[in-house]
Structure formats: C-alpha cells, structure tokens
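Welcome! Here is a short tour for someone meeting this structure for the first time. Take a look at it, then read on.

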Amino acid sequence: MAHLRSGRRLALAVPLVLSLTASLGFLPTAASAAPPTESVARAVDGPTLAYVVNTRPDRRTVESVRRAIEAAGGTIVIAYDRIGVIVVHSAHPDFARVMREVRGVQSAGVTRTTPLTAAGTTDEGPVQVLTEQQATRTARASDAAGDSEPLEADQWNLRAIGADKAAEINPGSPKVTVAVIDNGVDDTHPDLAPNFSAAQSANCVGGKADTGAGAWRPYTTADSHGTHVAGEIAAPRNGIGIAGVAPGVKVSAIKVSDPVNGLYYPESVVCAFVFAADHGVEITNNSYYVDPWLYNCVADPDQRAIVDAVNRAQLYAQRKGTLNLASAGNSNHDLDSDAIVDGTSPDDSTPVERTVDPHQCFDVPTQLPGIVTVSATGVQNLKSYYSTYGYGVIDIAAPGGDRLYQIPDTPSKNGRILATLPNNQYGYLQGTSMASPHAAGVAALLKSRHPKATPAQLQALLKGQADNPGCPESYDQNGDGTPDAVCVGGKRVNGFYGFGIVDALDAVD
C-alpha cells in the first residue's frame with residue numbers, strides 16, 4: 001500500500017521552491033501610480049505584440065493597472081484578477097518598460113519575439129502511423145495472448161508498469177478527469193469518445209477560453225500530439241484499438257497551440273491552468289514547454305514575466321485541488337548542472353546560442369514548484385537516450401519509448417509508444433511527452449483510490465508507489481566509451497528517475 005510522503009521526501013522538494021521564490025518573490029515595484037504617458041505618446045508604433053502584466057491580486061490594484069494599460073496604449077485581452085495576470089496586446093515598442101514603472105505591477109513582459117499574425121512539444125521525432133498490415137499482425141498476437149484490446153500486444157509500455165493487471169483491479173473512476181493541455185484532442189476517435197469530457201474542455205489559444213463545440217479539437221489531422229497523449233492516459237478497454245493507463249477515468253482537452261506556428265505561448269497556458277482549476281479538473285498533463293524560450297532567465301524582464309505569469313496560474317490550480325504533471329524535455333540536458341547551452345531560443349524568430357544556468361533559467365512549466373516533472377524510460381527500464389534529467393528536478397519516471405537502444409519483443413519490435421491519432425488512426429511516438437501521460441494516468445488511478453487527497457498528498461503517493469532501479473553502473477548508450485549522461489544519487493532518489501518509475505499495479509493494489 002502506498003503511503004503519504006515522509007518529511008524527508010518533502011524536504012527534498014524544498015530547494016527548487018526556495019530557488020524560484022527567491023528569484024520571483026521580491027519583484028520591485030515603482031512608486032508611480034500611472035505610466036509616463038508623454039513618452040509613450042512620442043513613441044513610434046511598432047508591430048502588435050502580446051504581453052503579460054502581473055500585479056498584486058487585489059481589486060483596487062488590478063483596476064488601477066487596467067487604467068494604466070489603456071493609458072499606455074494597450075488593449076486588454078483578458079484579466080485573471082484572482083491571480084493578478086493581465087493579457088494585453090500593444091503596438092508600442094516601450095509598452096513593457098512603461099508598465100514595469102506602474103505602482104502595483106510586479107512584472108511585465110512580451111510573450112513572443114515576432115508580431116501577432118492572422119513547436120514546442122516534447123515528443124522526439126515524427127509520428128509513425130500504424131499501417132493496416134501492422135495492425136492485423138498485432139491484432140492476431142493480441143488475440144493469441146488473450147489481451148482485451150486488439151493492439152495491446154504492441155503496448156509494451158502498459159506491461160512495463162503493470163497497467164494491464166491494474167485495470168483488472170481498478171481501471172480508475174469516471175469522477176476523475178485528466179486535462180490534456182496540448183494542441184487539441186480528436187474526441188470523435190472511437191477509442192477516446194467514451195471517456196471524453198466536453199464540459200471540461202476548451203480552446204485557450206490567445207489567453208481567453210472558447211468553450212464552443214469542438215473548439216478543443218486539433219486544427220488538422222497532422223496535429224496529432226494531444227490525441228496521442230489522451231489515448232495513453234484514458235483510452236477505454238472497449239475492444240477497440242488500444243488501452244490507456246487509466247481506462248476508466250475521464251479525459252478532457254485544453255488546446256493551447258498557436259494556429260500559425262503551433263507554438264505554446266504563455267498567455268494560452270495561463271488560461272489553460274485557470275480553466276482546468278475552475279472546471280474541477282483533478283490532474284493536468286503538460287507535454288510541452290512554454291514558447292518561445294526553452295529556458296526563461298529571470299534576469300531578463302520579459303522572461304521573468306513569463307515565469308511569473310505561468311507560475312501564478314499553475315499555483316492557482318494547485319490551490320484549487322489540481323495536480324499538474326509535465327514532461328522533462330528531450331535534450332538530454334542535466335537540469336541540475338551549472339550551465340546548459342541553449343541554441344534553440346527564441347523558437348518563434350531567429351535562435352541565438354546562449355549559455356544558461358538552469359537554477360536561474362527555468363524550463364516552464366517543468367521546473368515550477370509543485371509540478372511533477374517526468375523523465376522517460378524504455379522497455380528495459382533505463383533512461384531513454386534523449387530524456388532530460390537532473391538530481392532534485394526529476395520527480396518520477398515513466399515509459400516514453402526508446403527506438404534506438406531499447407527494443408521490445410513485440411509484434412512491431414517498435415520501441416516507441418503506440419496510441420491514438422486523429423481521424424480514427426493509431427501510431428507511434430516517443431519522448432518525455434509520452435512519459436508524462438503515463439505518470440498522469442497512474443496519478444489518476446491514485447486519485448480514484450484516494451479521492452480526498454490534495455495535490456501535495458497525491459504527489460507523495462505517486463512517489464511512494466514508484467520502483468527505483470537506481471543509477472546504472474554505466475550509461476554509454478552508443479558504445480563510444482564516453483558516458484552519454486551522468487546519474488547522481490542513490491537507490492532511493494536520483495537524477496535519472498527521481499523517486500522511481502511509476503507502478504500502476506502498486507497504485508491500485
């Protein structure tokens with residue numbers, strides 16, 4: 001039986017929280033009550049950009065800042081008064097600088113480096129669609145093995161964490177919903193429709209929730225990421241296709257991907273966390289990083305504002321009872337190292353190579369306090385070659401696939417993860433994007449068993465049921481004689497697996 005996290009485990013989670021609090025908790029505010037509108041008036045208009053303005057969350061301050069935004073030439077898209085985050089569009093080049101001088105404003109910054117026009121997910125490589133011939137072969141193997149789902153023989157990932165046996169004991173409660181914050185979910189898929197919650201779904205692109213019918217669906221069938229994630233979590237055991245880790249729970253979709261470039265901008269993610277919290281979602285899965293910066297450095301005022309805004313939203317969700325899980329990333333970076341070279345940011349314009357300290361430059365939402373950070377493993381229960389890691393940062397590990405070095409003995413011999421795709425298809429993906437939903441599914445099983453558990457208690461339960469293989473003696477995947485990553489820590493907690501690899505059977509047993 002799983003137990004609540006001990007004081008020792010709780011202490012291990014403190015340093016990052018303190019680090020982020022130290023970075024964000026003492027934001028300077030100016031004494032002026034209004035922006036210097038004279039200088040704004042002389043400024044030449046530039047392209048329209050999106051901003052977040054973060055204030056003290058009291059009514060008087062928010063109203064005062066609203067007036068200052070309008071005076072500075074900004075147009076308010078939406079104000080989340082309860083967390084003090086205001087999404088704004090403005091064409092004034094100095095808008096963010098001006099707002100930082102306004103009394104009550106704790107941070108303000110632009111959320112993108114290119115103008116608003118009419119991929120920041122964490123999957124590794126293109127989707128591989130399951131062919132009809134492959135499906136037939138797998139279905140025969142599944143039938144011979146006595147599996148309940150036609151394609152289950154290729155789901156090595158379920159067996160790796162005991163999810164197939166767990167479903168026989170407790171498939172999860174329909175009273176528990178996992179929201180997939182992603183690029184949309186095709187809820188018409190027959191392997192998703194029975195467990196889909198439209199009432200808890202929305203399109204949050206741009207920062208304002210649209211709950212119109214189907215607004216949460218992908219723009220095109222090529223936008224398959226969210227649909228794949230949803231199937232991994234909650235595809236029902238209905239004799240169609242695959243099974244999810246928690247086939248009895250509900251899944252919803254909150255779309256946050258930009259329709260032009262597919263990126264996941266901060267204002268959309270802020271909306272998603274608030275929407276999930278306000279609509280009774282127990283768990284969110286976040287298989288992406290917030291664009292345009294892979295790492296947001298708090299020394300930069302714009303990036304600082306992004307961290308501040310998203311953190312306020314996800315902490316609001318936690319306070320409302322929502323546990324948030326996020327993928328660690330696919331750069332094989334050590335998030336506890338002194339320096340990381342980032343050559344991908346900003347990803348919405350021209351990237352510039354920079355060296356960052358991951359203790360001061362945060363992967364958002366992955367490194368935010370209270371978020372469950374998930375690394376990826378393959379069929380051998382070894383860290384996947386691409387998976388980012390880091391002692392004190394990784395909380396848990398889960399199957400994400402490894403097509404190069406960990407090949408399963410399945411009909412397909414495919415080391416990736418098989419799940420649902422739009423247009424009633426199935427296919428393979430790998431990445432920490434696939435690991436996080438496995439952990440989210442196990443968290444949903446735990447929430448089904450412990451319905452009154454708070455997010456902190458649920459996170460402790462998730463860590464408590466995990467199985468930790470410990471650091472490997474050697475991690476030289478390509479055999480060139482040089483370690484591909486260095487694992488720090490011991491059998492109880494380490495940088496590759498955190499507290500261990502999730503175990504669905506232990507979660508329900």
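A residue is called buried under 20% relative accessible area, exposed over 50%, and partly exposed in between, using a 1.4 Å probe and protein chains only. This is a predicted model, in which local features need pLDDT of at least 70 and side-chain atom pairs count only at pLDDT 80 or more, while totals for chains, interfaces and linings use all residues. Residues are numbered from 1 along each chain as its sequence is written, and side-chain values use heavy atoms, leaving out hydrogens and water.

**Nonpolar cores**
- A nonpolar core is a set of buried Ala, Val, Leu, Ile, Met, Phe, Trp, Tyr and Cys residues joined through side-chain atoms within 4.5 Å.
- The largest such core has 63 residues, and Ile283, Leu325 and Leu462 are among those with the most contacts inside it.
- Helix H12 (residues 432-449) gives the most to this core, with nine residues; helices (H or I, at least four residues) and strands (E, at least two) are DSSP runs, numbered from the N terminus.
- A second, separate core holds 40 residues, including Val52 and Ala179.

**Helix H4**
- The buried residues of H4 are Thr61, Val62, Val65, Ala68 and Ile69.
- Down the axis of H4, these buried residues fall within an arc of 120°, so they line one face of the helix; the arc is that of the directions from the helix axis to the C-beta atoms.
- On the other side of H4, Arg59, Arg60, Arg67 and Glu70 are exposed.
- Just after H4, Gly73 has a positive phi of about 85°.

**A buried asparagine**
- Asn285 sits in strand E9 (residues 283-286) and is buried, with a relative accessible area of 0%.
- The side chains of Asn285 and Ser287 make a polar contact at 2.9 Å; such a contact is a pair of N or O atoms within 3.5 Å, where within protein one must be able to donate a hydrogen and the other to accept it, and residues adjacent in sequence count only if both atoms are side-chain atoms.

**Salt bridges**
- A salt bridge is a side-chain nitrogen of Lys or Arg within 4 Å of a carboxyl oxygen of Asp or Glu, and the count comes to 16.
- Arg100 pairs with Asp302 in a salt bridge, with the closest N and O atoms 2.9 Å apart; Arg100 is partly exposed at 25% relative accessibility.
- Lys463 and Asp395 meet in another salt bridge (3.3 Å, N to O), and this pair links distant parts of the chain, 68 residues apart.
- Lys463 is buried, with a relative accessible area of 2%.
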